[in-house]
Amino acid sequence: MLSLTLRLSKGVALVVTLGLVASCGLPRSGPNKAEIFAGSVLREGDAFVLTVDDRVNAIAAVAPALGFSSAFINAGALGSDTISAGDVLGLTIWENVEDGLLVPTGQNATILEEVQVDGSGFIFVPYAGRVKAAGNTPEAVRRVISEKLADQTPDPQVQVRRLAGNGSTVAVTGGVNASGVYPIEQPTRTLAAMLSAAGGVGIAPETARITVVRGSHRGQIWYEDLFKDPRNDIALRNGDQIVIEEDTRFFTALGATGTQSRVQFFDQTISAIEAIAQVGGLSPNAADPTGVFVFRNEPEEIAEQLVGQDLIGTQRVVYVLDLTQPNGVFMARDFAIRDSDTVYVTEAPFVQFNKTIAAATGSLAAVNTLNDVASGSSGN
């Protein structure tokens with residue numbers, strides 16, 4: 001009878017200890033599924049908790065696209081003989097008189113070397129005055145100078161040529177092998193050719209982004225898209241700034257995964273499956289494959305499509321992925337991770353149970369040890 005009473009008392013003590021341990025809160029990697037669902041707007045929270053299916057995937061996959069505007073794409077290439085401010089020209093003038101305006105006595109021509117086009121696009125020619133050169137070809141400038149001199153000397157012959165030095169330049173900076181200021185010349189009139197002149201990109205092509213700044217306009221594309229679509233190989237203009245940058249997007253992985261960390265994107269698009277694999281997959285000893293969550297702040301227009309009601313402002317959305325469902329892995333494979341997402345994997349229920357048992361067992365062992373010590377002391 002005493003033995004039965006003792007066993008019952010130990011059982012009661014175990015139950016009480018389990019309750020105390022559980023109420024004290026054991027260490028864990030984050031909230032469980034029930035706590036996350038409790039944050040739904042349908043309960044006591046302010047987040048929309050949505051199970052991922054084909055419809056959700058189609059809406060949530062929308063992401064800001066990179067690309068050049070029509071103003072960039074439709075800009076024609078600069079002609080190889082188009083004169084720009086800062087160019088240096090060479091002029092040769094012939095006159096059909098012995099005592100000419102410009103030609104020295106005894107010679108049949110005069111050469112005006114290194115006539116620079118000023119910031120306003122003009123050059124100065126004696127007796128012809130200021131002549132608009134920028135935006136014109138050497139042939140057009142020749143005709144203008146000839147017409148102006150013809151009023152003062154009979155049938156002048158003029159030759160205009162471009163010398164070394166080009167006023168049209170672009171600045172190439174960032175992740176290239178040779179940053180610098182480069183002239184727009186015949187071989188380098190387009191974006192791809194100019195990047196080649198700068199030594200090519202010096203960062204991973206998969207995550208390299210190209211930004212072109214032209215005055216108050218800005219365009220951005222992925223480096224790989226420069227070669228996928230010929231329209232992205234835009235013509236350059238004087239003063240363009242070309243910046244090559246590494247992709248700065250990231251997601252955060254937490255919970256029962258191989259590692260918990262802030263992870264940079266390794267490609268233009270990353271699926272939920274790829275994101276999980278990148279941090280070592282689900283923990284085989286702790287993860288609950290029915291509780292894979294993606295936390296995201298969705299813009300108003302996307303959130304409205306997801307929940308089918310009018311909303312105001314950015315909304316908190318929690319996407320639920322159950323990998324144990326027949327198409328669960330396919331849904332996770334098609335779900336696109338976006339910048340600043342948090343991927344969280346809950347612990348399996350038995351993990352917390354095991355922790356409770358372990359903690360309780362340890363507590364009971366400690367109590368028994370104290371009782372044994374006390375019994376030994378009283379016996380002395």
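A salt bridge is counted where a side-chain nitrogen of Lys or Arg lies within 4 Å of a carboxyl oxygen of Asp or Glu. The structure examined here is a predicted model, in which local features need pLDDT of at least 70 and side-chain atom pairs count only at pLDDT 80 or more, while totals for chains, interfaces and linings use all residues. Residues are numbered from 1 along each chain as its sequence is written, and side-chain values use heavy atoms, with hydrogens and water left out.

The structure holds 12 salt bridges. In one of them, Glu113 is joined to Arg161, with the closest N and O atoms 3.3 Å apart. This pair links distant parts of the chain, since Glu113 belongs to strand 3 (residues 109-116) and Arg161 to strand 6 (residues 157-162), 48 residues apart; strands (E, at least two residues) and helices (H or I, at least four) are DSSP runs, numbered from the N terminus. Glu113 is partly exposed, at a relative accessible area of 46%, and Arg161 is likewise partly exposed, at 25%; by the rule used, buried means under 20% relative accessible area, exposed over 50%, and partly exposed in between (1.4 Å probe, protein chains only).

A further salt bridge is formed by Asp341 and Arg296, whose closest N and O atoms are 2.6 Å apart. Here Asp341 lies in the loop between strand 17 (336-337) and strand 18 (342-347), whereas Arg296 lies in strand 15 (residues 287-298), 45 residues apart. Asp341 is buried, with a relative accessible area of 1%, and Arg296 also counts as buried, at 6%. Glu298 and Arg338 form another salt bridge, again with 2.6 Å between the closest N and O atoms. Because Glu298 is in strand 15 and Arg338 is in the loop between strand 17 and strand 18, the pair ties together parts that are 40 residues apart in sequence. Both Glu298 and Arg338 are buried, and salt bridges that share partners join Arg296, Glu298, Arg338 and Asp341 into one network.

Phe251 is one of the residues with the most contacts inside the largest nonpolar core, which has 34 residues. Such a core is a set of buried Ala, Val, Leu, Ile, Met, Phe, Trp, Tyr and Cys residues joined through side-chain atoms within 4.5 Å. Apart from this core lies another, of 23 residues, among them Phe68, Val201, Ile221 and Ile234. In soluble globular proteins, nonpolar side chains tend to be buried together.

Aromatic rings were also examined, with rings of Phe, Tyr and Trp (its six-membered ring) taken to pair if their centres lie within 6.5 Å, and with planes under 30 degrees apart called stacked, over 60 edge-to-face and the rest tilted. The count comes to seven aromatic pairs. Phe68 and Phe72 form a tilted pair, 5.5 Å from centre to centre and with 40° between the planes; Phe68 is buried, with a relative accessible area of 8%, and Phe72 is buried, at 2%. Phe37, Phe293, Phe295 and Tyr344 form one aromatic cluster.
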